[in-house]
Amino acid sequence: MTIAPDTGEWSGKALPSLTMSTMNVADCAMQLPAGTCLGVYEVRRLLGQGGFGVTYLGFDTSLEMPVAIKEYLPEHIAVRAADMTVRPLADKHRDAFRWGLSRFAREARTLAKFKHPNIVRVLSVFEANNTAYMVMEYEQGHDLKHLFEFPEWRSEVALRGIIGPIINGLAEVHRLGYIHRDIKPANILVRDNGTPVLLDFGSARMATGVHTRALTALITVGYAPLEQYNDAGDAHQGPWSDIYALGAVLYYAITGEAPVDSTLRGSALLNDKPDPITPLASLDTPYYSPAFCEAIDWALSFKVAERPQTLAEWAERLLSEGKTEAVGMPAPPSRSRQPTTTRPAAHDPSLSAIPGRMTRITAEHPGSEATRAANTLELSLSTASSPAPVETSKTDTVTETGPAIAFVKSLRRRPSLARLSGFTSLMLLPVAVALWQQGVFERVAASFSNVDDAVPVDVAGQENEPTPPQSAAANPVTEPSGDTSTPEAMVAREQRRSDEESRRRRLAELEQRLAAAEEENRRLEELRQQRLEASRLAAQELERLEQQAAAARLENEARAEQERLAEAQRVAEEKALARRRANEKARKAHAEQARLEAEAEALRQATTQAPIDSSLPITNNDMAAVFKRFSGLEQAIIDKDMAAVRELTVESPRNNAYFAYLFGNYESIEASIDSSMRASRRDQSISTTLTIKRMLRSNGDIALPSDEFARIPLKSVRRGEWSRIHW
């Protein structure tokens, strides 16, 4: 412990007072309540809060879709007032606040120009509540911090599929002269369709320190290179800074741990010690290619000059052995068109033995059903009598090729065939083929010609009245000439009788088959009518169901409208309650301010009444007692004990409000008391300095205090007894 020379003056700076006309930091909320309307956007709930802004889940009431809304609110230099506006903490921060606000809006407008599927889309930017808002697409999916818990997402193929599209999107940002500055697993989202997207543009961009140190750097330990810790780091940051962060993300995916903090790496290298990070190339990584690991190690090089300078340069080595398609959650299977197959209407095994048989009918001949059936028979028989298959079309002409064709043509003129469909006419094919194979077409065709001549058919397809038979004299029967008693004539006559009997049998068989075909045709017609009736009933049922669905839809819409009105009323009541609470807070704040001013006035009067005795020496015991009090304040700040801070210090609304904010928003605070104390016998005072080094959030983010609170002068004055600490 050393004592500075007695200069008779206290070297500390006077702290400006903060009145209620500015704001009360301790009593103001840092985020907008649910239900707040910002133009056409409605705030639904909080998504996240960082050092430079607050992000909400919002709803676009005009387009009726969810959005993400980022609000500019740098927590170290600004605070939200009771009327929901955002204001600087003090007049000294006004310029820094306005500069950051202007830069936030300008960069949001620039980001809105980016239209890449792998970077989050900025939809709008506007100003309200004395601050600015950036409206972005609300992306749904899972971030890499969550997905890396599953081994399949940490494979080299999956990592290439994720990092490749991210590099493509980030390259577009770099091309326009911007960098992200806050890439980490939590800021890379894989959508439900499997495509990755880079989030949180615009927040880390302001952490530059160029304009003022009040906008302090906010970084993520392990993913930020050393140049991002520099207060004036814009000159040293560039695409290589984002490449470092991307390499850190891949390092985390492979090892399960983030890389060593770049400040610790810098400290080790500065003291001629080895770099504490373990390169991937030296680890046992059998599931990753050496080139992939070496490219990641290259991105994590400590020195800027040793890293890749552009994403294209890095991607050439990182992705040279793999593809960069997005790999994500299983997408729904595509509905590809199934191949269609055409089956024949019927199949008769007896047709398989016919050489050269037509297997596919390629055209439909014009005419009635009977004509088409006969054409089918004619086509099949013509093909059966020819050694080579014949293709037909709508313009093909089938010529007569013999008695078989004459038989078919006679069938085409029979009245019974006029009622047959194409399907039933196919049933006659086995009969026609069998007759042809047995060589009876010459006789049958002649008989059909005689029969058909007796029953002519008019052009309308209707049977005419048969001509009455003439008398035997008018229609004599000519007997064959020659002697009929010879053996040859008897054999010929017997042969004719046999042929006539065979013809009658076959005609009877054919008539039976025709009758069966007509019966089958009638049955199929009844089945068709039944199906038509079933279709009509199904259409009626479908119409009834549609009417029921429409009624249910109207009922649901009415219920939804009632719920919407009820929700609107609830929101209005909550807003009214919030206004009442805000008014009550303001009233209490005024009362508290009056009480503090009264206490300060009483203390001032008390101190003026007790004069300082400059003749008293300041002993080592006095120094030890005051140092113990200073150390108690240091421990109270580290322990975040606000009651102990108030007990040890003279009341200072500004300092108390600031430390109450730190205690409520940070996991830990690093503070220390300067061991070099100064004593002034003339003022009967002992003074030193309280140093606030940095603050650490629960998520690992580090924040540095502004200049005003980085080094706080402390002093204790003896007026009979040593006073509480002035600061």
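Biologist: Which residues does S320 touch, not counting residues up to four places away in sequence?

Modeller: The model is a predicted one. In it, S320 lies in the loop between α7 (311-318) and α8 (369-384). Leaving aside residues up to four places away in sequence, the residues that S320 touches are R160 and A315.

Biologist: What distance separates the C-alpha atoms of S320 and F292?

Modeller: Along the chain, S320 and F292 are 28 residues apart.

Biologist: Which strands stand at the edges of the open sheet?

Modeller: Six strands form this open sheet with antiparallel pairing, in the order β2-β3-β4-β5-β9-β8. An edge strand has a single partner, so one side of it is left without a neighbour in the sheet. The strands in that position are β2 (37-38) and β8 (122-128).

Biologist: Which residue of β9 is the bridge partner of E71?

Modeller: Strand β5 (residues 65-72) and strand β9 (residues 131-137) run antiparallel and are joined by five bridges. Within β9, the bridge partner of E71 is Y133.

Biologist: At what angle to β9 does helix α1 run?

Modeller: Helix α1 covers residues 94-111 and lies across β5, β8 and β9. Relative to β9, the helix runs at about 25°.

Biologist: Is N130 buried, partly exposed or exposed?

Modeller: N130 is found in the loop between β8 and β9, and its phi is near 65°, a positive value in a residue other than glycine. Buried means under 20% relative accessible area and exposed means over 50%. At 38% relative accessibility, N130 therefore counts as partly exposed.

Biologist: What is the phi of K640?

Modeller: K640 is found in the loop between α14 and α15, and at 29% relative accessibility it counts as partly exposed. Although K640 is not a glycine, its phi is positive, at about 55°.

Biologist: How far apart are the end C-alpha atoms of helix α16?

Modeller: Helix α16 (residues 653-665) has 13 residues, and at 1.5 Å a residue it should span 18 Å. The model agrees with this expectation, because the end C-alpha atoms are separated by 18 Å.

Biologist: What covers the buried residues of α16?

Modeller: The buried residues of α16 include R654, Y658 and F663. Among the elements that cover the buried residues of this helix are α14 (620-638), α15 (642-648), β14 (668-673), β16 (685-696), α17 (707-710) and β18 (711-719).

How values were computed: Residues numbered from 1 in each chain as written. Predicted model: local features only at pLDDT ≥ 70, side-chain atom pairs only at ≥ 80, totals over all residues. Heavy atoms only, no water. Pairing = 2+ DSSP bridges. Helix = DSSP H or I, 4+ residues; strand = E, 2+ residues; numbered from the N terminus. Contact = heavy atoms within 4.5 Å. Axes fitted to C-alpha atoms, helices over the stretch in contact; angles between N-to-C directions. Expected span 1.5 Å × (residues − 1). Buried < 20%, exposed > 50% of the residue type's maximum accessible area, 1.4 Å probe, protein only.
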